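Notebook open, model loaded. I'm jotting down what I looked up, one topic at a time.

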Amino acid sequence: MSRRTLPTAALTALCLGVLSSAAGQGRLPPVPPLAPALTVPERLDATGVLAAGPALLAEDAALAFDPGVVALTDPAQPTLDAVPARRVVQPGASVPGTPADLNASITVRYGPGTPAAVLLLMPGYLGGAGSFDRLARQIVTLHPTWAVWAVDRRSNLLEDHSALLGRDIPTLQRIVRSGLPARPASSLPFMKDWGLDTTLRDWHEAVLEARKLTPNVFIGGHSMGGTLTGLYAAYDFGGVAGERDVRGLIMLDGLPGLMSGTPLTPDEYAQAARNPLGPLPGLNGLERSPFVDSVVFGPVFASRAAAQARLAALNPGALAPGGGLTRYPATNLAAAMGQLEQQYALLPFLALRSGRPTNAADAPNLGAQLLGGRGARWITGPKDPTKPVGWETDVTSPTDPQDFTRRFITPLSDYSEWYFPNRLPLDLAAARTDTRGTPFEKTLPVWYTAQLSVPILGIAAAQGVTTEAQYQQYAATTQAALTTHTLPDAAHLDITVTRGDQVARWITDWMQPLMR
């Protein structure tokens with residue numbers, strides 16, 4: 001998972017129960033029926049609140065941010081915000097037992113409706129399409145005739161964002177404190193089948209649609225999305241390797257094998273397994289534990305984090321809700337960023353670099369250090385108890401914290417995947433990089449890694465979870481030409497949200513010669 005092996009004992013201590021589901025009880029509105037091609041643009045009324053409106057063509061559906069959100073000083077911001085974007089939900093892979101309206105392939109589409117090229121990007125572990133909002137806009141700004149389609153996996157349809165998108169501060173504060181109710185695990189038994197095959201076949205539907213628009217189709221992903229990118233290219237789709245659909249593969253601080261660990265036996269796959277993140281329920285336990293619901297992430301926590309990000313975007317300097325994400329007085333921006341900033345992050349793959357806390361006392365975080373966080377610390381409270389902990393933006397850091405919180409949740413997408421299916425990391429642990437000659441050869445047909453020949457672009461974060469050497473080792477198992485770069489000073493999450501456009505330029509410069 002990381003640049004070095006994480007201590008098993010430390011992972012076990014952290015992850016016991018972390019990936020076992022204990023979904024909270026509650027009721028949410030039913031998922032809306034799935035139309036053959038549902039387009040979800042948005043417009044804002046005079047008060048800045050989301051309003052219903054007619055479906056717009058892709059060229060007309062620019063994402064207009066809530067004017068109540070704090071303005072940024074980034075000179076590129078007006079150009080990025082002007083990039084047209086829309087959310088499209090269309091039929092995906094048909095999975096027996098899954099309600100028909102959840103058999104869906106979902107993309108947030110940036111750029112023109114009839115593009116010269118399409119890049120489809122898959123988010124990482126626990127991530128949503130919103131994690132690509134800034135990068136997608138940067139790429140389209142550089143090449144306005146190209147489109148970027150950010151993928152939301154089908155479980156994003158289980159989320160209800162309605163209470164998070166307005167500017168009702170008391171409501172947002174209540175959500176920060178207690179979260180939105182989670183769907184009961186017992187109501188989602190069909191999620192046991194939402195694994196690698198379902199994920200790749202949903203993605204395949206979007207790729208095939210893109211190919212109807214242009215022959216210049218590329219796929220890529222961040223973190224686990226980079227893993228899925230390589231597995232898609234090597235997957236058997238009815239006798240055809242996935243790579244035949246695309247011009248090239250882009251892997252952003254992630255690659256096949258990243259979440260695999262040691263090879264699984266059929267008994268481990270059925271009963272209980274483990275990957276570099278810790279214990280995984282086996283197939284027999286997935287109906288009881290269909291999605292990740294743990295002490296560090298789950299649907300309730302995800303809604304709390306989204307509400308805190310929304311408050312930070314609306315009023316970064318105001319006092320964060322007491323009893324929320326921090327046990328000490330903090331501003332909205334400090335409460336939103338404190339647990340993700342690399343120095344204070346619990347896990348090295350949930351970290352970025354944006355700034356530093358002010359008026360903060362801290363102490364060494366030995367648990368995070370055992371998990372690979374170099375010099376990790378935790379904030380114990382304010383130095384001056386009469387003032388809250390604040391947040392100071394570091395303009396030399398890769399990520400602008402106000403831009404990050406501003407994009408965290410929008411009418412089109414959000415940064416995280418609240419109901420992340422446990423079946424997917426289980427399948428990744430079984431598939432590894434190739435299933436030929438393994439017990440999973442027929443059920444997870446990752447067959448063509450050795451024959452893979454489309455070009456690969458690998459971009460590592462300097463302080464992330466991959467290296468250029470790891471990309472080279474992976475490429476050596478294929479026949480693909482490899483190009484690599486490293487983003488300096490970047491943590492794992494910075495690579496898709498960085499304020500600069502270096503990653504976007506590496507991508508577009510690499511794609512351009514492959515166009516036909």
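This is a predicted model: local features need pLDDT of at least 70, side-chain atom pairs count only at pLDDT 80 or more; totals for chains, interfaces and linings use all residues.

Which residues in α5 meet which in α6? I found L196, T199, L200, W203, H204 and V207 in α5 meeting L228, T229, L231 and Y232 in α6, with contact taken as heavy atoms within 4.5 Å.

Numbering starts from 1 along each chain as its sequence is written, and side-chain values use heavy atoms, leaving out hydrogens and water.

Next I checked the geometry. The axes (lines fitted to C-alpha atoms over the stretch in contact, angles from 0 to 180 degrees between N-to-C directions) of α5 (residues 196-213) and α6 (residues 224-234) come within 11 Å and cross at roughly 75°. That makes α5 roughly perpendicular to α6 (the label covers 65 to 115 degrees).

Then aromatics: I got twelve aromatic pairs in the structure (ring centres of Phe, Tyr and Trp, its six-membered ring, within 6.5 Å; planes under 30 degrees apart are stacked, over 60 edge-to-face, the rest tilted). I picked F218 and W510, an edge-to-face pair at 6.1 Å centre to centre with 65° between the planes. F218 sits in strand β8 (residues 217-222) and W510 in helix α15 (residues 502-511), so the pair ties together parts 292 residues apart in sequence.

My helices (H or I, at least four residues) and strands (E, at least two) are DSSP runs, numbered from the N terminus.

Technical notes
Angles under 35 degrees count as roughly parallel, over 145 as roughly antiparallel, 65 to 115 as roughly perpendicular and the rest as oblique.
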